[in-house]
Amino acid sequence: MRSRSADWFECKIRYEKVMEDGLQKKVTESYVVDALSFSEAEERIIEEMSSYISGEFDVADIKKASYREIFFADQDMADKWYKAKLQFITIDEKTEKEKRSNVYYLINAGSFNDAVKNIDEVMGGTMINYVVASMSETTTMDVFEYKKNS
């Protein structure tokens, strides 16, 4: 399991997809890209998707992702993406009250249980007290990390 922190953008692509029954259907799919700005995110998603989609497609939406870190699984069966909301628990030294701060992550896993296990694997190596407040499967199809041109 590896993690990557970056500025992530969620991009929605609309195109005509050939379905298993041979019919064409207009679909919208979600992808995540690593970029520094909205314009770079648009450029990157067009570049990445042009090698997968024959024909025309539109970038229907781009928004800044609420998570700063993504956990990538090493298993071949990890074909789904889960959004996890973790609450980090700290104690305020002055008031001695418990304080919880929300942090969001995107986790690659094959099932819901694998996603929870992957969170525990990564977070278990830290000294942070946390609670998994929520976990939900996303519609994200894939994540494109930044790669330097050689």
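Helices (H or I, at least four residues) and strands (E, at least two) are DSSP runs, numbered from the N terminus. By that rule the protein chain has two helices and nine strands. The model is predicted: local features need pLDDT of at least 70, side-chain atom pairs count only at pLDDT 80 or more, and totals for chains, interfaces and linings use all residues. Residues are numbered from 1 along each chain as its sequence is written, and side-chain values use heavy atoms, with hydrogens and water left out.

**Fold and sheet**
- The order of elements from the N terminus is β-β-β-α-β-β-β-β-α-β-β.
- An open sheet of five strands has the order S1-S5-S7-S6-S8, with mixed pairing; two strands pair if DSSP finds at least two bridges between them.
- S1 (2–5) and S8 (129–137) are the edge strands, each with a single partner strand, so one side of each has no neighbour in the sheet.
- S1 pairs with S5 (residues 69–72) in the antiparallel sense over four bridges, and Ser3 is opposite Phe71 in S5.

**Packing and extent**
- A box of roughly 60 × 35 × 30 Å along the principal axes holds the C-alpha atoms of the protein chain.
- Of its 150 residues, 34% are buried, meaning under 20% relative accessible area with a 1.4 Å probe, protein chains only.
- Taking contacts (heavy atoms within 4.5 Å) between residues at least 6 apart in sequence, 67% join residues at least 24 apart.

**Surface and charge**
- The accessible surface of the protein chain (Shrake-Rupley method, 1.4 Å probe) is about 9700 Å², and 47% of this belongs to carbon and sulfur atoms.
- The protein chain carries 21 positive and 29 negative side chains, with Lys and Arg counted as positive, Asp and Glu as negative, and His and the chain ends not counted.

Technical notes
Buried means under 20% relative accessible area, exposed over 50%, partly exposed in between (1.4 Å probe, protein chains only). The place of a charge is taken as NZ of Lys, CZ of Arg, CG of Asp or CD of Glu.
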